[in-house]
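Let's walk through this model together, one question at a time. Here it is.

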Amino acid sequence: MDCIFCKIANGEIPCTKVYEDDQMLAFRDLNPQAPVHVLMIPKQHIASLDEVCDNNCDVVAHILKNAHIIAKQEGLDNGYRIISNCGADAGQTVFHLHFHLLGGRSLGENLV
Ligand code: AMP
């Protein structure tokens, strides 16, 4: 499958890894929008939140369960934001489910 995040997950394309286990990977975004900008992805291919269902929602819970551990590992003791863009209007550009973990500065009140 020609999916860049699948290739990152299986090691074909390098990344700067910050966390990995059997179900998920977290790595630094190439184009950071904040001092800390990490992408958290399932290793299995799920195109977006639109494809989350009974059969794969455990990995979504797993990612969100680990998010605060990664945030603390990154020093985000003052807070952080998690975003998942879903579809064209949201500006999703990579169609492999991912959660942006952003922090390291005040992110402001716009965009929730
Ligand atoms: P989205 O617009 O929500 O689909 O986010 C995709 C994100 O993936 C963007 O923030 C890109 O900067 C990031 N990105 C794309 N390719 C790579 C890559 N090879 N390594 C790290 N981040 C990437």
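Buried means under 20% relative accessible area, exposed over 50%, and partly exposed in between, with a 1.4 Å probe and protein chains only as cover. This is a predicted model, in which local features need pLDDT of at least 70 and side-chain atom pairs count only at pLDDT 80 or more, while totals for chains, interfaces and linings use all residues. Residues are numbered from 1 along each chain as its sequence is written, and side-chain values use heavy atoms, with hydrogens and water left out.

Q: Is Ile82 buried, partly exposed or exposed?
A: Ile82 sits in strand 4, residues 80-83; strands (E, at least two residues) and helices (H or I, at least four) are DSSP runs numbered from the N terminus. The relative accessibility of Ile82 is 33%. Ile82 therefore counts as partly exposed.

Q: How much accessible area do Leu64, Tyr80 and Ile82 have together?
A: A patch takes residues with over 30% relative accessible area and no salt bridge, joining like charges within 9 Å and nonpolar side chains (Val, Leu, Ile, Met, Phe, Trp, Tyr) within 5 Å. Areas come from the Shrake-Rupley method with a 1.4 Å probe, and for residues only the protein chains shown count as cover. Leu64, Tyr80 and Ile82 form a nonpolar surface patch of about 230 Å².

Q: In what order do the elements of the protein chain run?
A: The protein chain has 2 helices and 5 strands. From the N terminus on, the order is α-β-β-β-α-β-β.

Q: What is the radius of gyration of the protein chain?
A: The radius is taken over C-alpha atoms, and the globule rule is 2.2 Å times the number of residues to the power 0.38. For 112 residues the rule gives 13 Å, and the chain comes close to that, so it is as compact as a globular protein of that length. The radius of gyration of the protein chain is 14 Å.

Q: Which residue of strand 2 stands opposite Glu20?
A: Strand 1 (residues 17-20) and strand 2 (residues 24-28) pair in the antiparallel sense over 3 bridges; pairing needs at least two DSSP bridges. The two strands form a hairpin with 3 residues between them. Opposite Glu20 stands Leu25.

Q: Which residues are linked with Glu20 in a network of salt bridges?
A: A salt bridge is a side-chain nitrogen of Lys or Arg within 4 Å of a carboxyl oxygen of Asp or Glu. Glu20 forms one with Lys17, the closest N and O atoms being 2.8 Å apart. Lys17 is partly exposed at 47%, and Glu20 is partly exposed at 37%. The network links Glu20 with Lys17 and Lys43.

Q: How many residues apart in sequence are the parts that Glu74 and Arg28 tie together?
A: Glu74 and Arg28 form a salt bridge, with the closest N and O atoms 2.8 Å apart. Glu74 lies in the loop between helix 2 and strand 4 and Arg28 in strand 2, so the pair ties together parts whose separation in sequence is 46 residues.

Q: Which residues does Leu49 touch, not counting those up to four places away in sequence?
A: Leu49 is in the loop between strand 3 (36-42) and helix 2 (57-73), and is partly exposed at 35% relative accessible area. With contact meaning heavy atoms within 4.5 Å, Leu49 touches Ser84, Cys86, Leu97 and Phe99.
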